[in-house]
Amino acid sequence: MRSSDGRLGYVLHSQEKLTPEQKQMARRRRILQGRAAQGICILAAFAAISLFAAGWLLLRQDRTFSDSENRMLAQKPSLTLASLADGSFAEGLERWYADQFPGRDLWITADLTFQRALGVREMNGVYLGADGYLLEAPAQEDAAQLGQTEAAICAFAAQHPDIRLTAAIVPNAWGVLSEKLPAGAPVEDQKALIDAIDQAVPDVRTANLTEALRSCRSEPLYYRTDHHWTSLGAYYAYSQLCDALGLAPFDTAAHTALTADHFYGTHYAKARTWNAVPDVITYYDLANTLTVWNVTAAGQPAEGQTTGLYDTEKLSVYDKYAMFLHGNNGLSRVQGNGSGRILVIKDSYANCFVPYLTANYADIDVVDFRNYNYGLDQLIADNGYDQILVLYSFDSFKSDPYLYRAGVTG
């Protein structure tokens, strides 16, 4: 068989003269050449995408916040001689490029989808549990940090022996709904761990909420897509606390329940499950006011901004849970319908809990140490509280680096 110029026949004739070993080497050479060509094409495509992304990022305005990840995004770093010399510019540029990369959300979703297809059941610290629950993996305990917090609570109780102090550690979802965890997930006895915390603060009245919540585990006590408990879970805990303090609980039947749907929480932001069922936020139509202070010194400042209990504008953004108490303010006061005053030292679990206290107290002062950099002595002296409640989720309490301020004088 011969082409018009005779080349094909020459090639076939030449191949017939090759030994089997030479033919095998020629075949390997062609395979390597093909792979090299593929590699060059891939590198060229990657370079083209990178150049396109870099050009796109230089031309468009940076995004400041990622709704799907519920976090602030890195911004373009400023180039200075100092930042260039110490390497901070290069590090900042890398973070900026990763956070602002075009289609970042799609790439993250595709990666997580691929991991799920491989059978991965834990993503970014979140377990893919039964019945659509995304459960926070147990955080590693910082024994030194926990010991410091326990010591601060004990010191705080000793400084204010005339005020009734109650500590309530709320179990996280995996401590109540352990049957929702995937097979093989490491499980700790969270109640035993909370009991150990209670024993470490012997001079503090404690309210162990685990059994009260476990007895209602068939009800929606925790959001499926978020790390917080629901308003219902908070209400059961609140009712348990009322029993311990001799209070008449908030009457849910006497108030209108409002709902907001399509809530995808912090766990969804980490795991991005394609079949996640959005949660529903429930809250009660209350006319009580909330005053938020911009604290610049120990004690209560003279002026603050007064508004309603809920920031309903947050119901139109990703982090809908932030509508409760307008988020995590350093110092705020809720005007209640009862009598006396209570100080609540809290993490964000308390944000949907505090509205129930309006049935029991005239003033509910709320401190979040993440945004309050002072001790509490002056605040307590100025307000004469009848009750102090420390309300934290378990994982938050055992790793919180700010609660030591409770024992700080001033």
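So, in what order do the eight strands of the open sheet run? The order is 7-6-15-13-14-12-10-11, and the pairing is mixed. Before I go on, the ground rules: this is a predicted model, where local features need pLDDT of at least 70 and side-chain atom pairs count only at pLDDT 80 or more, while totals for chains, interfaces and linings use all residues. Residues are numbered from 1 along each chain as its sequence is written, and side-chain values use heavy atoms, with hydrogens and water left out.

When I say helix or strand, I mean a DSSP run, numbered from the N terminus: helices are H or I with at least four residues, strands are E with at least two. And two strands pair if DSSP finds at least two bridges between them.

Back to that sheet of eight strands. Strand 7 (205-206) and strand 11 (305-308) are at its edges; each has a single partner strand, so one side of each has no neighbour in the sheet. For strand 11, look at strand 10, residues 289-293: the two pair in the antiparallel sense over four bridges.

Now the charges. How many salt bridges does a search of the whole structure find? Ten, where a salt bridge is a side-chain nitrogen of Lys or Arg within 4 Å of a carboxyl oxygen of Asp or Glu. I'll also be calling residues buried (under 20% relative accessible area), exposed (over 50%) or partly exposed (in between), using a 1.4 Å probe and protein chains only.

Take K180 and D131, whose side chains meet in a salt bridge at 2.5 Å, N to O. This pair links distant parts of the chain, 49 residues apart: K180 is in the loop between helix 7 and helix 8, and D131 is in the loop between strand 4 and strand 5. K180 counts as buried, at 15% relative accessibility, whereas D131 is exposed, at 52%.

Next, R341 and D363, with their closest N and O atoms 2.8 Å apart. R341 is partly exposed at 24%, and D363 is buried at 10%.

Then there's D395 with K398, at 3.7 Å between the closest N and O atoms. Both are in helix 13 (394-399), three residues apart, which is about one turn of the helix. D395 is buried at 6%, and K398 is buried too, at 2%. We also get a network of salt bridges linking K346, D368 and R370.

What about charges on the surface? Patches here are made of residues with over 30% relative accessible area and no salt bridge, with like charges joined within 9 Å. R27, R28, R29 and R30 form a positive one. R27 is in helix 2, residues 20-59, and is partly exposed at 44%. On the negative side, E141, D142, E188 and D189 gather in a patch. D189 is in the loop between helix 7 (173-176) and helix 8 (190-200), and is partly exposed at 46%.

Last bit: backbone angles. Most residues other than glycine have a negative phi. H262 isn't a glycine, yet has a positive phi of about 55°. H262 is in strand 8, residues 257-263, and counts as exposed at 52%. L325 also isn't a glycine and has a positive phi of about 55°. L325 is in the loop between strand 11 and strand 12 (331-335), and is buried, at 2% relative accessibility.

That's my tour, so over to you for questions.

Note on methods
Patch = residues over 30% accessible without salt bridge, like charges linked within 9 Å, V, L, I, M, F, W, Y side chains within 5 Å. Areas by Shrake-Rupley, 256 points an atom, 1.4 Å probe, with all protein chains shown as cover. Lys, Arg positive; Asp, Glu negative; His and termini not counted. Charge placed at Lys NZ, Arg CZ, Asp CG, Glu CD.
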